[in-house]
Structure formats: C-alpha cells, structure tokens
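Please keep the sequence and the structure in view while going through the points.

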Amino acid sequence: MRSELGSVFVIGTDTGVGKTHAAAHLLRGWVAAGHRAVGMKPVAAGTAPDDDDALRLRAASNVAVPAALDNPVRLPEPLSPHLSAQRAGVSITLAPIVAAFRALQQRADVVVVEGAGGFLVPLDELADGGLLTGADLAEALGLPVVLVVGIRLGCLNHALLTAEAVRARGLTLAGWIANRVDPHMACADDSVAFLRRHLPAPLWADLPYTPHD
C-alpha cells in the first residue's frame, strides 16, 4: 500500500472484482498507520444483510459517520444503478454525493470512496439524452483513482481499457490492486507481471484469493 496520505476513488475493471475487499484493505492500512480513515460507498444497489458494501467499509474505518454521508444513495434492487434508481422512482444526481464527500473530508484524514460496478457504469439517463456515469462522479470528486483488477480471464483487456478511460478523463491513476478472484486461473502470476509492465501506475497490493471477496 502507498505510504503518503490522501483520499482516493476506488474503481474496478468490472463488477464482482473485489472493490470493497480492496477498499477495506486500504482503510485498514491507513487506520493501522494512525490516521482517521473513513470509507464511502456513494451508490449501492441491491445490498443484502450478509453482503453489504457500506457495512464492510464501516467495519474497516475508525471514524463513525451518519449513513447519509457514507452511503447517500441506497437502492433496493441488484441492477445497474440507473435501472435500480428508475425502478425505485428516484434520480441519481452528483451534488448531494459531492456534498456528503466534502462533509466526510471534514471528519477524517483520508476518505476511501468505492465506486459502483465498472468505471463507466450508468448512474442515470438524463432528460437531454445524455448519460451520468461513475466516471462523471470520479471527475466531480477530483480524486486520484485506484484500479482494482480482478485477476481472471479477460482482465488484461479490461485493465488496459479502464486505465485508458481514466486517462481520457484527465484523472490520475495513482495505483492499482491485483485481486486474485479466480484461484484456478492459468498463468495468473504472468498476468500480474504483464500488468506491472504495462499499466501506467504502481502496484499497491496483490491480494490473495479470499472466498466471497
């Protein structure tokens, strides 16, 4: 894990690659170093009592905050956020999320923000035909990005595409985390070595396989 202090936006190459596991790892590292650290899950869709991203981030944090700050948008169905929001009759907008983040910054030394799904996950379809995405949220927060790569078949393409999209938005890819989500993947070490050579950011952590993460 990096040693210097600073809030980050954690994104993934896809859904189910272990963003929460990686974000909690970062939080525990900063807590162990003596910093006030808090996690934030701006948009959560379809959370379950035994698999709740916001709760897992809270457990790894050492700053207690109201749920309205660390999880301002909570949607009932496990769908793409824009669909879950539509079916719940709500719209996702950036201003309340940014305001909640700014409030967290006042309470902690570091805020670890975990995105939803992949970098370009749709958050809302706009009336003018435009699209609000996770990338727009990352831009609005203006944070360095940490990319979680689920080490499985297809991850090389997904990682390189996501890194390119981050750069295209003018954001800083501060680092990446390898998460060994497939214990049976052939040539997993070779894939991690490839990404170390070709991703334009340092490897912050190489997390071993953990069931359900």
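1. Basis of the note. This is a predicted model, in which local features need pLDDT of at least 70 and side-chain atom pairs count only at pLDDT 80 or more, while totals for chains, interfaces and linings use all residues. Residues are numbered from 1 along each chain as its sequence is written, and side-chain values use heavy atoms, with hydrogens and water left out.

2. Helices α1 and α2. Helices (H or I, at least four residues) and strands (E, at least two) are DSSP runs, numbered from the N terminus. Helix α1 covers residues 19–32 and helix α2 residues 53–60; their axes lie 8 Å apart and the packing angle is about 15°. Here axes are lines fitted to C-alpha atoms, for helices over the stretch in contact, and angles run from 0 to 180 degrees between N-to-C directions. The two helices, α1 and α2, are therefore roughly parallel; the term covers angles under 35 degrees, with over 145 counted as roughly antiparallel, 65 to 115 as roughly perpendicular and the rest as oblique.

3. What joins α1 to α2. On the α1 side, Thr-20, His-21, Ala-23, Ala-24, Leu-27, Arg-28 and Val-31 meet Asp-53, Arg-56, Leu-57 and Ala-60 of α2, where contact means heavy atoms within 4.5 Å. In this contact of α1 with α2, six residues are nonpolar, two polar and three charged. In this scheme Ala, Val, Leu, Ile, Met, Phe, Trp, Tyr, Cys and Pro count as nonpolar, Asp, Glu, Lys and Arg as charged, and the others, Gly among them, as polar.

4. Helices α5 and α6. The axes of α5 (residues 94–107) and α6 (residues 134–141) come within 10 Å and cross at roughly 45°. That angle makes α5 oblique to α6, and their crossing is right-handed. Leu-94, Ile-97, Val-98, Phe-101 and Arg-102 of α5 meet Asp-136, Leu-137, Ala-140 and Leu-141 of α6. Seven nonpolar residues, no polar ones and two charged ones make up this contact of α5 with α6.

5. Helices α7 and α8. Helix α7 (residues 155–168) and helix α8 (residues 188–198) have axes that come within 10 Å and cross at roughly 20°. Helices α7 and α8 are therefore roughly parallel, and α7 passes α8 in a right-handed crossing. Leu-156, Ala-159 and Leu-160 of α7 touch Ser-191, Phe-194, Leu-195 and His-198 of α8. By class, this contact of α7 with α8 has five nonpolar, two polar and no charged residues.

6. Cysteines. How many disulfides does the structure hold? The number is zero. A disulfide is a covalent bond between the sulfur atoms of two cysteines, counted here when the pair of sulfur atoms is within 2.5 Å. The sulfur of Cys-155 has its closest cysteine sulfur in Cys-187, 11 Å away, which is too far for a bond.

7. Setting of the two cysteines. Cys-155 is buried, with a relative accessible area of 3%; buried means under 20% relative accessible area, exposed over 50%, and partly exposed in between (1.4 Å probe, protein chains only). Cys-187 is partly exposed at 49% relative accessibility, and its place is in the loop between β9 and α8. Most residues other than glycine have a negative phi. The phi of Cys-187, however, is positive, near 60°.

8. Trp-176. Leaving aside residues up to four places away in sequence, Trp-176 touches residues including Val-146, Leu-195, Pro-202 and Trp-204. Trp-176 and Val-10 are 166 residues apart in sequence but 9.1 Å apart in space, C-alpha to C-alpha.

9. Gln-86 belongs to helix α4 (residues 81–88) and is partly exposed at 41% relative accessibility. Between Gln-86 and Asp-124 there are 38 residues of sequence separation and 8.2 Å in space, C-alpha to C-alpha. His-198 is in helix α8 and, at 45% relative accessibility, is partly exposed. His-198 and Trp-30 are 168 residues apart in sequence and 27 Å apart in space, C-alpha to C-alpha.

Key
Left-handed = near helix turned anticlockwise from the far one by under 90°.
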